[in-house]
Amino acid sequence: MTAARQIDRTLAALADPHRRRVIDLLRERPRPAGELAREVGLAPPAMSRHLKTLRQSGLVEESHPEFDARIRVYALRPAPMVELMAWLEETERMWSDQLTAFRGHLEAKA
């Protein structure tokens with residue numbers, strides 16, 4: 001997958017406030033799907049759809065504890081956020097360069 005496509009998927013996944021709340025919770029520690037549903041205030045089927053989107057975007061990964069394969073534990077994957085941060089930094093540099101050039105142009109005319 002290209003970097004641009006991954007960034008698109010990351011931003012699309014983060015567009016929903018419930019999914020952003022899940023990301024905030026997972027920043028603290030990995031959590032079971034049921035706990036995430038309770039914390040976010042969603043019914044399990046709705047949480048399942050959000051977790052599927054987060055998995056497909058690569059933002060989270062799913063594992064199963066050895067003692068019960070029915071339980072799904074979710075954890076963050078850093079790679080998509082690293083790519084997003086790199087893109088944001090590159091974009092910020094571009095805008096900074098553009099504004100500096102514009103400022104120089106205005107000062108030269110004055």
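Predicted model: local features only at pLDDT ≥ 70, side-chain atom pairs only at ≥ 80, totals over all residues.

Student: What radius of gyration does the protein chain have, beside that of a compact globule of 110 residues?

Tutor: A compact globule of 110 residues would have a value near 13 Å, whereas the protein chain has 19 Å. Along the principal axes, its C-alpha atoms fill a box of roughly 70 × 30 × 20 Å.

Student: In what order do the three strands stand in the sheet?

Tutor: The order is 1-3-2, in an open sheet with antiparallel pairing. Strand 1 (31-32) and strand 2 (60-63) each have a single partner strand and stand at the edges, so one side of each is left without a neighbour in the sheet.

Student: Which helix packs on the sheet?

Tutor: Helix 2 (residues 17-28) does so, touching strand 1, strand 2 and strand 3. The direction of helix 2 makes about 90° with that of strand 3.

Student: How many bridges join strand 2 to strand 3, and how many join strand 1 to strand 3?

Tutor: Strand 2 is joined to strand 3 (residues 73-76) by four bridges, and strand 1 to strand 3 by two. Both pairs run antiparallel. For individual positions, valine 60 stands opposite leucine 76 in strand 3, while the bridge partner of proline 32 in strand 3 is valine 73.

Student: What does a regular strand imply for the side chains?

Tutor: In a regular strand the side chains alternate between the two faces of the sheet.

Student: Let us turn to helix pairs. At what angle do helix 1 and helix 5 cross?

Tutor: An angle is read together with the approach of the axes. Those of helix 1 (residues 3-14) and helix 5 (residues 79-109) come within 9 Å and cross at roughly 105°. Angles of 65 to 115 degrees count as roughly perpendicular, and helix 1 and helix 5 are therefore roughly perpendicular to each other.

Student: Which residues make that contact?

Tutor: Helix 1 contributes Ala3, Gln6, Ile7, Thr10, Leu11 and Leu14, and helix 5 contributes Pro80, Met81, Glu83, Leu84 and Trp87. By class, the contact of helix 1 with helix 5 has eight nonpolar, two polar and one charged residues.

Student: How do helix 2 and helix 3 pack?

Tutor: Helix 2 and helix 3 (residues 33-40) pack at about 120°, with their axes 10 Å apart. That angle makes helix 2 oblique to helix 3. The crossing of helix 2 past helix 3 is right-handed. From helix 2, His18, Arg21, Val22, Leu25 and Leu26 take part, and from helix 3, Leu36, Glu39 and Val40. These residues divide into five nonpolar, one polar and two charged.

Student: Which residues of helix 3 and helix 4 meet?

Tutor: Ala33, Leu36, Ala37 and Val40 in helix 3 meet Pro44, Met47 and Leu51 in helix 4. The contact of helix 3 with helix 4 has seven nonpolar, no polar and no charged residues. As for geometry, the axes of helix 3 and helix 4 (residues 44-57) come within 9 Å and cross at roughly 105°. Helix 3 and helix 4 are therefore roughly perpendicular to each other.

How values were computed: Residues numbered from 1 in each chain as written. Heavy atoms only, no water. Pairing = 2+ DSSP bridges. Contact = heavy atoms within 4.5 Å. Axes fitted to C-alpha atoms, helices over the stretch in contact; angles between N-to-C directions. Parallel < 35°, antiparallel > 145°, perpendicular 65-115°, else oblique. Nonpolar A, V, L, I, M, F, W, Y, C, P; charged D, E, K, R; others polar. Left-handed = near helix turned anticlockwise from the far one by under 90°. Rg over C-alpha atoms; globule rule 2.2 N^0.38 Å.
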